[in-house]
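The following report describes one protein model for a reader who has its sequence and coordinates at hand. Please look at both before reading on.

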Amino acid sequence: MKIGCKLFMFALTLPLFLGILNFKAQAQVTTRKLGVAGDIPVPGNYDKDGRTDIAVWRPSNGTWYVINSSTGQTVTKKWGVNGDIPILGDYDYDSRTDFALWRPSNGTWYVINSYTRQVVIRKLGVNGDVPAPGKYDDDTRADFAVWRPSNGTWYIINSSTGQVVTRKLGVNGDIPVPAIYNFSIKSDFAVWRPSNGTWYILRN
């Protein structure tokens with residue numbers, strides 16, 4: 001009787017014990033050293049393996065440092081100058097993150113397409129704008145876009161047509177947070193207002 005009781009208790013506690021071990025295994029914190037003070041984190045899928053790669057961009061020398069998750073190797077790419085803003089996105093629809101920057105001093109976007117290796121340069125925005133790329137049309141490529149705090153206007157170059165479209169949403173002091181908030185494949189226009197903690201979303 002005692003043996004049967006012990007076996008019964010063992011059968012009950014074993015799944016719990018295994019579950020705790022599994023939880024601990026899943027909850028482990030992993031660390032990886034990459035970058036120095038002043039670097040800007042730019043994680044993305046640079047090697048097309050479906051996993052996000054650890055990466056930083058260094059303004060002091062305009063260099064990208066990426067640890068490819070598929071190989072574990074660190075690769076570097078010289079692209080950009082101090083004062084640029086790295087803008088992540090898949091601008092050529094090859095499922096890889098492209099090296100991309102927006103230069104406030106001249107309102108110009110500089111992108112190296114990961115598929116063709118060609119450099120794409122587009123003029124959009126002025127100093128003081130906030131870059132806000134997203135998939136605003138339905139071709140699944142990232143579109144060049146900025147939000148202008150001074151007039152609360154979004155300016156987008158649709159990658160499917162090359163045309164510039166505008167949308168009015170937000171006021172000075174807001175933070176643009178474009179994303180797909182519904183079941184569409186297109187990014188919605190959205191801002192968050194720190195002064196009242198409110199989100200404003202314009203469905204696209």
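Tyr-110 stands opposite Ile-121 in strand 8, where strands are DSSP runs of E with at least two residues, numbered from the N terminus. The model is a predicted one, in which local features need pLDDT of at least 70 and side-chain atom pairs count only at pLDDT 80 or more, while totals for chains, interfaces and linings use all residues. Residues are numbered from 1 along each chain as its sequence is written, and side-chain values use heavy atoms, with hydrogens and water left out.

Strand 8 is joined to strand 7 (residues 108–112) by five bridges in the antiparallel sense, and two strands are taken to pair if DSSP finds at least two bridges between them. The two strands make a hairpin with six residues between them, and in the turn Arg-117 has a positive phi of about 70°.

An open sheet of four strands has the order 1-2-3-4 with antiparallel pairing. Its edge strands are strand 1 (40–41) and strand 4 (74–78), each of which pairs on one side only. Strand 1 runs antiparallel to strand 2 (residues 54–58) and is joined to strand 2 by two bridges, with Ile-40 opposite Trp-57.

Another open sheet, also of four strands with antiparallel pairing, has the order 9-10-11-12. Because strand 9 (130–131) and strand 12 (164–168) each have a single partner strand, they stand at the edges and one side of each is left without a neighbour in the sheet. Two bridges connect strand 9 with strand 10 (residues 144–148) in the antiparallel sense, and the bridge partner of Pro-131 is Val-146 in strand 10.

The structure holds eight salt bridges, a salt bridge being a side-chain nitrogen of Lys or Arg within 4 Å of a carboxyl oxygen of Asp or Glu. Three of them, including the pair of Arg-96 and Asp-94, are set out here.

| Salt bridge | Closest N and O atoms |
|---|---|
| Arg-96 and Asp-94 | 3.2 Å |
| Arg-148 and Asp-129 | 2.8 Å |
| Asp-174 and Arg-193 | 2.8 Å |

Arg-148 lies in strand 10 and Asp-129 in the loop between strand 8 (119–123) and strand 9, so this pair ties together parts that are 19 residues apart in sequence. Both Arg-148 and Asp-129 are buried, which stands for a relative accessible area under 20% (1.4 Å probe, protein chains only). Asp-174 lies in the loop between strand 12 and strand 13 (175–176) and Arg-193 in strand 14 (residues 189–193), so that this pair, too, ties together parts that are 19 residues apart in sequence. Asp-174 and Arg-193 are buried, and Asp-94 is buried with a relative accessible area of 7%.

Ser-187, in the loop between strand 13 and strand 14, is buried with a relative accessible area of 6%. Contact here means heavy atoms within 4.5 Å; not counting residues up to four places away in sequence, Ser-187 touches Gly-134, Lys-135, Tyr-136, Ala-179, Ile-180 and Asn-204. Ser-187 and Thr-140 are 47 residues apart in sequence, and their C-alpha atoms are 9.8 Å apart in space.

How values were computed:
Buried < 20%, exposed > 50% of the residue type's maximum accessible area, 1.4 Å probe, protein only.
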